[in-house]
Amino acid sequence: MTDTTVTIADREAELADYLARQPYSVEQDGIKLTIAKNVFPSDFGLTSSFFGDFMLQQNPAKNGLDMGCGSGYFAFILKKIGCEEVIGVDFNPDAVACARHNGLQNPDIAPSAFIHSDLFASVPAKRFGMIVFNFNYYPSNGTFGLNEDGGQQILRRFFREVPDYLEPDAQIFIPFSDFVGAEHDPKHVAPEYGFNVNTVAETYNHAGRHVIYQINQNQFD
């Protein structure tokens, strides 16, 4: 594959077009979604559809968590594949309100709750067998309510906090795009906190290589 010339600045310019269109409605994988103002668009680019298609093929866990849920798209997918209880979490209050609205539009696959929380700060003390985290790849200026400590900083906080919320043999799934840079790559961050990282899917487009990681705690932790 040839090297990509896509940059973070290019991505932000594309995102600005989505921000200008909000609010708007879209349907993804049979899920009716309203993308409200200041909510990260789940129909943006390749990563969401690539990750969504992958997750639809996974076996469910009893309890699922969508960290950084945005419009709620991946939380609905966790319900769709058969997770009994699903919680969606987002740092952005606009996203939480949007996801709750989308739950009303999809009552048959509505998650148990959408919670406003800075990572796990307000998440109930329980264990999850499956967690998805479509994290913000780099520090943000606040557009779409994204955390200022994006990229490796938010990953480090996530991997420090997540062990208290994992069932034995729990699976964490995280997508990543190479153009963002190796310093923000979960495969370089997660092992520092006692996690194994495996690439379970990959694809390419004009922006380069995109992967999905399956991440598990080391057996001795």
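1. Two strands are said to pair if DSSP finds at least two bridges between them. In this predicted model, strand β4 (residues 85-90) and β5 run parallel and are joined by four bridges. Within these two strands, isoleucine 87 stands opposite alanine 113 of β5.

2. Helix α3 (residues 73-80) packs on the sheet, where β3 (63-67), β4, β5 and β6 (128-133) are touched by the helix. The direction of α3 makes about 165 degrees with that of β3.

3. The sheet as a whole is open and has seven strands, in the order β5-β4-β3-β6-β7-β9-β8, with mixed pairing. Its edge strands are β5 (113-116) and β8, each of which pairs on one side only. On average, neighbouring strands of this sheet are turned by 20 degrees against each other, direction ignored.

4. At the β8 end of that order, strand β8 (residues 195-205) and strand β9 (residues 208-217) run antiparallel and are joined by ten bridges. The two strands form a hairpin, with two residues between them. One of the residues in this pairing is alanine 201, whose bridge partner in β9 is isoleucine 212.

5. How many disulfides does the structure hold? The number is zero. A disulfide requires two cysteine sulfur atoms within 2.5 Å. The closest cysteine sulfur to that of cysteine 69 belongs to cysteine 98 and is 8.8 Å away, so the two are too far apart for a bond.

6. Is cysteine 69 buried or exposed? Cysteine 69 is buried, because its relative accessible area is 5% and buried means under 20%. Cysteine 83 also counts as buried, at 2% relative accessibility.

Note on methods:
Residues are numbered from 1 along each chain as its sequence is written. This is a predicted model: local features need pLDDT of at least 70, side-chain atom pairs count only at pLDDT 80 or more; totals for chains, interfaces and linings use all residues. Side-chain values use heavy atoms; hydrogens and water are left out. Buried means under 20% relative accessible area, exposed over 50%, partly exposed in between (1.4 Å probe, protein chains only). Axes are lines fitted to C-alpha atoms, for helices over the stretch in contact, and angles run from 0 to 180 degrees between N-to-C directions. Contact means heavy atoms within 4.5 Å.
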